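Here's a quick briefing on pockets and packing. Take a look at the model first, then read on.

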Amino acid sequence: MVPITHESWLEVREEVREGLWQYVLENFVVDPKSRKQTLQSIGKKWRNFKHYLYAKFIKNRSKDPKANLFKPLKDYPFIKKEYWKVFVSHGVTKKWEDKSMKAKIVRARHKYNHRLSRKGYVGLINDIMQETGKSEEEIDRTLLWKKARELKTGGYESDVKMIVDKIDEL
């Protein structure tokens, strides 16, 4: 429903987004107040799908002169031939590779990654409330920070351990 030719979700016209929202309302039970979150979720899934297409069909094959990247995909008949050609021509440019490399560099700089999976901080707070019987206001932020970065096997990575030790000292 959203062409893969757009570089970002922000380029998708409001009429298309409204059409997506109407489709959701007609086919699912959704609170009308959740329009923004629903469209954000659709946008994220659209970006993930584009990344999947790039990673599977373009990234590793773009250096192979025998690979016919512009050949339409049989697995995805809903992608129009002209959209696929535009998508491939964007995917093999230096600009695209630079953008991808920049994102990898930014991600590599993250030092203290949490390990909360899909439950996030809300789920962690609920777990602590059930275990301890404390209310949400009684749970200390430092405890949340430490628990969010704890390894499954217990303990912490070395750089996180230094911060945990400082927190415990204070």
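Which helix gives the most to the lining of the second largest pocket? That would be H2, with 4 residues. Bear in mind that this is a predicted model, where local features need pLDDT of at least 70, side-chain atom pairs count only at pLDDT 80 or more, and totals for chains, interfaces and linings use all residues. Residues are numbered from 1 along each chain as its sequence is written, and side-chain values use heavy atoms, with hydrogens and water left out.

**Pockets**

- The largest pocket holds about 530 Å³ of space. A pocket here is an open set of points on a 1 Å grid over the protein atoms alone, where a 1.4 Å probe fits, with protein on both sides within 12 Å along at least five of seven lines; lining residues have an atom within 4 Å of a point. The volume is the space filled by probe spheres set on the points, which are joined across faces, edges and corners.
- Its lining has 18 residues, with His51, Tyr54, Trp96, Lys99 and Ser100 nearest the centre.
- Of the 15 residues lining the second largest pocket, Met1, Val2, Pro3, Trp46 and Phe78 lie nearest its centre.

**Nonpolar cores**

- The largest nonpolar core has 12 residues, including Ile4, Leu53, Tyr54, Phe57 and Phe87. Such a core is a set of buried Ala, Val, Leu, Ile, Met, Phe, Trp, Tyr and Cys residues joined through side-chain atoms within 4.5 Å, with buried meaning under 20% relative accessible area (1.4 Å probe, protein chains only).
- H2 supplies the largest share of this core, 4 residues.
- Leaving aside neighbours within four places in sequence, Phe87 is in contact (heavy atoms within 4.5 Å) with Ile4, Lys50, Leu53, Tyr54, Ile58 and Trp96.

**Valine 164**

- Valine 164 sits in helix H7 (residues 158–169) and is buried, with a relative accessible area of 2%.
- Not counting residues up to four places away in sequence, valine 164 touches Trp145, Lys146 and Tyr156.

Key: Helix = DSSP H or I, 4+ residues; strand = E, 2+ residues; numbered from the N terminus. Buried < 20%, exposed > 50% of the residue type's maximum accessible area, 1.4 Å probe, protein only.
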